[in-house]
Amino acid sequence: MHIGILGGTFDPIHEGHLALARRFAELLQLTELILLPAGQPWQKSNISSARHRLMMTRLAAKELNFSNTFANTSVSVATDEIERSGPTFTLDTLMAWRKRIGPQASLTLLMGNDQLCRLNTWHNWRSLFDYAHLGVGLRPGFTLASAPPEIADEIAIRASTNAQLHAQPQGLILLDTMLTPDISSTHIRQITAHTPVHNPTHNQTVYNVPQAVWRYIRRYRLYQS
C-alpha cells in the first residue's frame, strides 16, 4: 500500500491542490489518495465553515482524474479533522492513520514548499517523520536557502529518491521540482470579495477552481464582503 494524504484548509480547494495531488499520485504510484480538509487549524482563524469546505473538497475529488497509467489510484475525502473537537494537529492525524493502515504501508504527507518552510512552527513537527514521509512539490525558483536552518538540516538527512521512499513506510522527504501552479486560496478569496461571483465575465478558470467548486461558491455566495 502506498497512501498519500493531502491536507489543507481548502478554503477553497483549487487547481493548485489538484495539480499537486495528480503529480504525486503518479510519481509515487499511490494506491490511495486522501484529501483531508482541516477542522479548526490552530494557526488560522476566520475560515469558512467546515460544512462548506468539506463539500467543496468532495466536489473537487469527483473531478480529480489521473493518466491512464495510474487510473487505479482511489480517491477519498476524510473527515478525521473536521470531526475532531478543538484545534487540530497534523501529528495526531498521522498517528491515527498509521494505526489504521499498519506499520508496513508507505504513508506520505503531501505539501507545497510554502508549508515546508513553515514546518518548524507545527506542533511537535519532528515527530511527523515517525509516522509518514513528506512529499513536497517545489515551485520554480525555490532553494533550500529559503528554508529555516532546522528544516534544511532535516532535508539533508532525509532527502530520498522515489525508490527509497517506496522501500520504507515513513521518515523520508521527497522533493519534486515540478512546475506547481502558483495559486493561492487567499488570492481567490480576495478577488471573489471584490468581484461578485455572478459576474458573467468570470468563470472557474479565472478563479482557478474546479467547475463544480465554482458553482458551489456562486450558489452560496462564499467570500463575498
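I began with α1, and its buried residues are Gly16, His17, Leu18, Leu20, Ala21, Phe24, Ala25 and Leu27. I kept in mind that this is a predicted model.

Next I checked the length of α1. The helix has 13 residues and reaches 18 Å from its first C-alpha to its last, close to the 18 Å expected at 1.5 Å a residue.

Then I turned to the cores. The largest nonpolar core holds 33 residues, and Leu6, Ile13, Phe24, Leu28, Met56 and Val213 are the ones that touch the most other members. I asked myself which elements supply at least two residues each. My list came to include α1 (15-27), β2 (32-37), α2 (50-62) and α10 (211-220). The largest share, six residues, comes from α1.

Beyond its neighbours within four places in sequence, Met56 is in contact with Phe10, Asp11, Pro12, Ile13, Val213, Tyr216, Ile217, Leu222 and Tyr223. I also found a second, separate core of 29 residues, with Ile3, Ile34, Met111 and Leu128 among them.

Last, I stepped back to the whole chain. I noted 10 helices and six strands in the protein. Of its 225 residues, 49% count as buried. How much of the accessible surface belongs to carbon and sulfur atoms? I got 50% of a total of about 10900 Å². For contacts between residues at least 6 apart in sequence, I noted that 77% join residues at least 24 apart.

Terms used:
Residues numbered from 1 in each chain as written. Predicted model: local features only at pLDDT ≥ 70, side-chain atom pairs only at ≥ 80, totals over all residues. Heavy atoms only, no water. Core = buried A, V, L, I, M, F, W, Y, C linked by side-chain atoms within 4.5 Å. Buried < 20%, exposed > 50% of the residue type's maximum accessible area, 1.4 Å probe, protein only. Helix = DSSP H or I, 4+ residues; strand = E, 2+ residues; numbered from the N terminus. Contact = heavy atoms within 4.5 Å. Areas by Shrake-Rupley, 256 points an atom, 1.4 Å probe, with all protein chains shown as cover. Expected span 1.5 Å × (residues − 1).
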